[in-house]
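Visitor: I am new to this structure. Please pick a single part and take me through it closely.

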Amino acid sequence: MNAMTKNALLQKVREAAFEKQEMILYMDTHPGDRAAMHHFCEVRDRCAKLTAEYEKTYGPLTASGVSCDRGWTWVDSPWPWQRPQDVAAAPVKAYAAMQNTGCAHGGYPMARRGK
Amino acid sequence: MWQYEKKLQYPVNIKNPDAKAAKVIISQLGGPDGELGASLRYLNQRYTMPYGEIIGTLTDIATEELAHVEMISAILYQLTKGLPVEEIKKAGMDIYFVDHTAGIYPIAASGVPFRAEYFGVKGDTYADLHEDLAAEQKARVTYDNILRLVDDPDVKDPIRFLRERELVHFQRFGEALRIAQEKDSYRNFYAYNKQYDKH
């Protein structure tokens, strides 16, 4: 299977998750509907598979979806409300400069790391 | 988006109903330093935060606070279930009962319904994180006060758990503040919002 782009795969996850949500709401008021129950289980498994595929390639959708060999990628950008230009605006330069100065703590007690 | 888990974060098993205890504990549902306000405070502050570590911290603590809303609600439910009207009157809970029966409705112990004024969203990294640090301390004090006012160990046990979570959240917000200051500039002694001034 060809690797899907991030947005295309996320859209597939979103559609499966929405279908699952619709089935959940339906099942809540029709707990005895066996045909619908069968459909729910199919959707749930499809959704889980797509979610696992997305997380493996593009990073976690929930905090516990992080991959253990890649570190704590949960805090990586973007967050769902951030556009590409919002992420690019993050001022990381000051941090890099700070780490090179050898006086990273700047004498400010709240900035002191417990190393 | 969010998903619900059908479990309390920490168990609540109260054997004896107690309207008087419910009357003070309800402040941690709908009061000025309650769990509902805490969750909404962090959820709403996330959007304009500049760093993933802070957005992640706010997201994950806000989510945990929703679990605390459920725990407080479970405590209130168990404290008021099956209470005879005489008991309700004796405890002075009749003024709640007349509007809400034994339903779970967010009010402060004083009777004031939940208000959005209980939390602040300033849109400024430092102002908001300091608000969060203060909020966790104030919630901790409210739990300290509840522990002074309530005797039943069945009630005190989950309240102690919730109190400890305030301490942990305070620690994490302190670290989030430190991360913001380190990333902005080591010269930012005065803790103002560099992001905003750049725009």
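Guide: What follows is a close look at one helix and its surroundings. Keep in mind that the model is predicted. The part is helix α3 of chain B, residues 35–45. Is this helix enclosed or open? Of its 11 residues, 9 are buried, so the rest of the structure largely encloses α3(B).

Here are the buried residues. They are B:Glu35, B:Leu36, B:Gly37, B:Ala38, B:Ser39, B:Arg41, B:Tyr42, B:Leu43 and B:Gln45. What covers them? The cover includes four helices of chain B: α2 (27–30), α4 (52–80), α7 (125–149) and α8 (153–184).

Take α7(B) from that list. Two packed helices are described by the angle between their axes and the distance between the axes. For α3(B) and α7(B), the angle is about 165° and the axes lie 11 Å apart. An angle over 145 degrees counts as roughly antiparallel, so α3(B) is roughly antiparallel to α7(B). Their crossing is left-handed.

Now the residues that touch. On α3(B), the contact is made by B:Glu35, B:Arg41, B:Tyr42 and B:Gln45. On α7(B), the partners are B:Asp128, B:Glu131, B:Asp132, B:Ala135, B:Glu136 and B:Tyr143. By class, this contact has 6 charged, 3 nonpolar and 1 polar residues.

Definitions and conventions: Residues are numbered from 1 along each chain as its sequence is written. Chains are lettered from A and ligands numbered from 1 in the order in which they are written. This is a predicted model: local features need pLDDT of at least 70, side-chain atom pairs count only at pLDDT 80 or more; totals for chains, interfaces and linings use all residues. Side-chain values use heavy atoms; hydrogens and water are left out. Buried means under 20% relative accessible area, exposed over 50%, partly exposed in between (1.4 Å probe, protein chains only). Helices (H or I, at least four residues) and strands (E, at least two) are DSSP runs, numbered from the N terminus. Contact means heavy atoms within 4.5 Å. Axes are lines fitted to C-alpha atoms, for helices over the stretch in contact, and angles run from 0 to 180 degrees between N-to-C directions. Angles under 35 degrees count as roughly parallel, over 145 as roughly antiparallel, 65 to 115 as roughly perpendicular and the rest as oblique. A crossing is left-handed if the near helix is turned anticlockwise from the far one by less than a right angle, and right-handed if clockwise. Ala, Val, Leu, Ile, Met, Phe, Trp, Tyr, Cys and Pro count as nonpolar, Asp, Glu, Lys and Arg as charged, and the others, Gly among them, as polar.
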